[in-house]
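Subject: Structure handover and notes

Dear colleague,

Below is the structure I promised to pass on, and after it come my notes on what I found. Please read them with the coordinates open beside you.

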Amino acid sequence: MDRIRIRGGNPLKGRIAISGAKNAALPLMAASLLTDETLTLTNLPQLADIATLASLLAQHGVAISMNGEAPQGGHSGRALSLTAATITNTTAPYDLVRKMRASVLVLGPLVAREGRARVSLPGGCAIGTRPVDLHLKGLSQLGAAIDLTEGYIEARAPHGLKGAHIVFPTVSVGATENLMMAATLADGESVLVNVAREPEIGDLARCLIAMGAEIAGVGTDTLRIRGVKRLGGATHAIIADRIEAGSYAIAAAITRGDLELSGVSVELFEAFLECLQRMGVAVMPTADGLRFVCSGNELVGVDVMTEPFPGFPTDLQAQIMALMTTVSGAAMITETVFENRFMHVPELCRMGANINVHRASAMVRGVPHLTGAPVMATDLRASVSLVLAGLAARGETTINRVYHLDRGYERIEEKLAACGADIERVRGNA
Ligand code: UD1
């Protein structure tokens with residue numbers, strides 16, 4: 001298995017092109033199941049999770065083609081064309097779904113188009129139980145009969161889905177996406193109340209509208225969707241990855257460096273930017289992105305609470321915690337979205353961090369310096385927090401189980417090395 005080796009202490013300086021958002025790309029790829037015409041997605045990031053979903057879609061009968069690599073330094077990413085002319089198989093098998101929970105996003109589109117789907121239950125994962133009850137309840141409100149048998153979700157709507165009024169008791173990104181996609185082909189109007197408002201949801205809605213869907217209320221907490229008989233093809237550019245961008249902004253801060261991130265804009269992550277500014281990081285607009293300057297600034301701890309958008313994203317909680325370990329004063333970090341999302345804490349403590357966890361809150365007290373250590377990545381965002389800590393630490397840090405990083409960060413070691421980080425990937429045998 002590959003490892004990442006970092007010798008910390010270099011302030012990062014330079015420019016990083018932010019890739020297309022993984023969490024936008026995955027539902028957009030699933031949306032290709034809704035039409036027999038071609039959906040072309042541009043600015044596609046090159047990530048393991050994208051390859052996993054492509055394999056799943058291929059076994060449903062989707063023809064997939066990829067045109068070329070990203071031009072050096074640009075953000076155009078790659079273009080993926082997906083054509084689900086005929087769906088040959090409506091089963092999403094355990095072997096593929098267990099690799100990535102977002103596979104459950106094929107459920108809504110398959111039932112909406114084919115009237116049936118059999119999708120493996122994703123099961124537990126490192127950051128909590130992560131149920132799919134909201135996806136299933138919403139689909140049954142749209143008229144699907146749902147059974148759970150032998151670890152699989154069986155959904156059937158032989159006469160098609162029917163529009164419904166669905167109120168989400170909890171805000172869920174995945175359930176909003178699954179039901180928004182399903183409702184586009186339902187008979188009549190659906191009203192989805194208390195939906196997630198993450199930028200990736202808006203991106204999916206814009207693509208569905210380009211495919212012919214009728215969706216109003218995009219960007220608000222209520223979506224009104226008038227079902228149409230069929231959707232057509234479209235070409236859609238995937239928005240920038242705000243979590244990748246946030247991680248690199250923290251790389252600038254934690255090394256007291258100066259990085260320009262191209263392709264991002266303020267409205268993608270205002271709560272996060274405000275937190276950095278309160279800590280003492282200067283954030284400035286550039287011609288095509290944002291610049292983060294921390295050289296010479298003394299940074300201070302501030303309290304953070306994760307919340308659904310527009311609040312502070314849970315996917316940047318581990319990274320901001322790594323930064324808080326290196327600043328003056330203390331910070332209370334509270335995780336409200338997921339249970340059990342502090343697995344990075346013991347690893348950060350092995351690098352000299354001072355963190356105490358009590359239930360959903362972590363009290364972080366800044367230390368004069370972190371020290372390099374061999375550490376173990378447990379999930380995607382936890383892994384990158386260890387990379388960030390390694391960039392700041394004295395001495396050498398080795399991060400094991402790098403495959404977590406490859407799920408969500410495109411060429412991370414190349415992007416960081418180009419800005420002065422002493423970082424390399426050590427290839428493993430297995
Ligand atoms: C998505 C993101 C993930 C991010 C998360 C929260 C993708 C591919 N993944 O995950 O990176 O961390 O949003 O911003 O976009 N819940 C239920 N029942 C359900 C569904 C969810 O109780 O049926 C709960 C979850 O356990 C969690 C909360 O709702 O506590 C939010 O989860 P959700 O927004 O659904 O996350 P994902 O869509 O899985």
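Helices and strands are named here as DSSP runs, numbered from the N terminus, with at least four residues of H or I for a helix and at least two of E for a strand. In those terms P310 lies in the loop between β18 (304-305) and α10 (317-324), and the peptide bond that joins F309 to P310 is cis, with omega at about 10°. Please bear in mind throughout that this is a predicted model.

Helix α2 (residues 48-59) contains twelve residues, and its first and last C-alpha atoms are 17 Å apart, which is close to the 16 Å expected at 1.5 Å a residue. The buried residues of α2 are D49, I50, T52, L53, A54, L56 and L57. Within this helix, L53 has a relative accessibility of 1%, and it counts as buried because this value falls under the 20% cut-off. The C-alpha atom of L53 is separated by 8.8 Å from that of V97, although the two residues are 44 apart along the chain. After α2 comes G61, with a positive phi near 105°.

Helix α8 (residues 242-254) has 13 residues and should therefore span 18 Å at 1.5 Å a residue, which agrees with the 18 Å between its end C-alpha atoms. This helix is mostly covered, since 13 of its 13 residues are buried. The N-terminal end of α8 is capped by D241, a side-chain oxygen of which lies 2.9 Å from the backbone nitrogen of I243, while beyond the helix comes R256, whose phi is positive, near 55°.

Strands and pairing

An open sheet of four strands is arranged in the order β6-β7-β9-β8, and its pairing is mixed. At its edges are β6 (91-92) and β8 (145-149), each of which pairs on one side only. Inside the order, β7 (residues 116-120) and β9 (residues 152-156) run antiparallel and are joined by five bridges, and V119 has I153 as its bridge partner in β9.

Elsewhere in the chain, β16 (residues 282-286) and β17 (residues 289-293) are likewise antiparallel and joined by five bridges. These two strands form a hairpin with two residues between them, and in this pairing V283 stands opposite F292 of β17.

Positive phi in loops

Which residues other than glycine have a positive phi near 50°? One of them is E150, with a phi of about 50°, and it is placed in the loop between β8 and β9. The relative accessibility of E150 is 73%, so this residue counts as exposed, the cut-off being over 50%. Another is R359, with a positive phi near 50°, which is found in the loop between β20 (354-358) and β21 (361-365). With a relative accessible area of 73%, R359 is exposed as well.

With best regards

Notes:
Residues are numbered from 1 along each chain as its sequence is written. This is a predicted model: local features need pLDDT of at least 70, side-chain atom pairs count only at pLDDT 80 or more; totals for chains, interfaces and linings use all residues. Side-chain values use heavy atoms; hydrogens and water are left out. Two strands pair if DSSP finds at least two bridges between them. The expected span of a helix is 1.5 Å times one less than its number of residues. Buried means under 20% relative accessible area, exposed over 50%, partly exposed in between (1.4 Å probe, protein chains only). A polar contact is a pair of N or O atoms within 3.5 Å; within protein, one must be able to donate a hydrogen and the other to accept it, and residues adjacent in sequence count only if both atoms are side-chain atoms.
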